[in-house]
Amino acid sequence: MNYSSAIENLLDVIANDYYMFSARSEYCETKEWAEDRAKTFRSQLTVSEGRVYDKVVRTDNQRSVWGFIVKKDTKKFKEGDVLMASSWSSPATNKARASIFDDTVNTVQWTGPRYLF
């Protein structure tokens, strides 16, 4: 899988987690309602390119950072590592939360990369 298709897969995984959240909601009336919400959520996710990291952004009534993806290998991280946001413009560089190139990508949540345990 190449980098751009792995990014698209990540966005789909995020939207699927949102679908699962919506389907479990007490407000969920039908499966179609949850699917429509997830489709809208997926359309709000974009990737903003940077020099070292790509930023996953959700644009609803406001813009928020979902997380960052490492573009090229660095001393500490490998290409495709998913990092939690520390601020709007920088990731938390203490540890990678997942990788877009393996099954750990399925551990991300719609709210962001998982915290360290």
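**Close-up 1. Helix α1 passes helix α2 in a right-handed crossing.** In this predicted model, α1 covers residues 3-24 and α2 covers residues 31-43. The two helices pack at an angle of about 145°, and their axes lie 8 Å apart. On the α1 side, the contact is made by Glu8, Leu11, Asp12, Ile14, Ala15, Tyr18, Tyr19, Ser22 and Ala23. Facing them from α2 are Lys31, Trp33, Ala34, Glu35, Arg37, Ala38, Phe41 and Arg42.

**Close-up 2. Lys31 and Glu35 form a salt bridge.** Here the closest N and O atoms are 3.9 Å apart. Both residues belong to helix α2, and because they are four residues apart, about one helical turn separates them. Lys31 counts as exposed at 51% relative accessibility, while Glu35 is partly exposed at 34%.

**Close-up 3. Lys71 forms a salt bridge with Glu49 and another with Asp54.** For Glu49 and Lys71, the closest N and O atoms are 3.6 Å apart. Glu49 sits in the loop between β1 (45-48) and β2 (53-59) and Lys71 in the loop between β3 (63-70) and β4 (81-83), so this pair ties together parts 22 residues apart in sequence. Glu49 is exposed, with 65% relative accessibility. The N to O distance for Lys71 and Asp54 is 3.8 Å. Asp54 belongs to strand β2, 17 residues from Lys71, and is buried at 4% relative accessibility.

**Close-up 4. Glu8, Asp12 and Arg42 belong to one network.** Salt bridges with shared partners join these residues. In total, the structure holds six salt bridges.

Definitions and conventions. Residues numbered from 1 in each chain as written. Predicted model: local features only at pLDDT ≥ 70, side-chain atom pairs only at ≥ 80, totals over all residues. Heavy atoms only, no water. Axes fitted to C-alpha atoms, helices over the stretch in contact; angles between N-to-C directions. Left-handed = near helix turned anticlockwise from the far one by under 90°. Contact = heavy atoms within 4.5 Å. Salt bridge = Lys/Arg side-chain N within 4 Å of Asp/Glu carboxyl O. Buried < 20%, exposed > 50% of the residue type's maximum accessible area, 1.4 Å probe, protein only.
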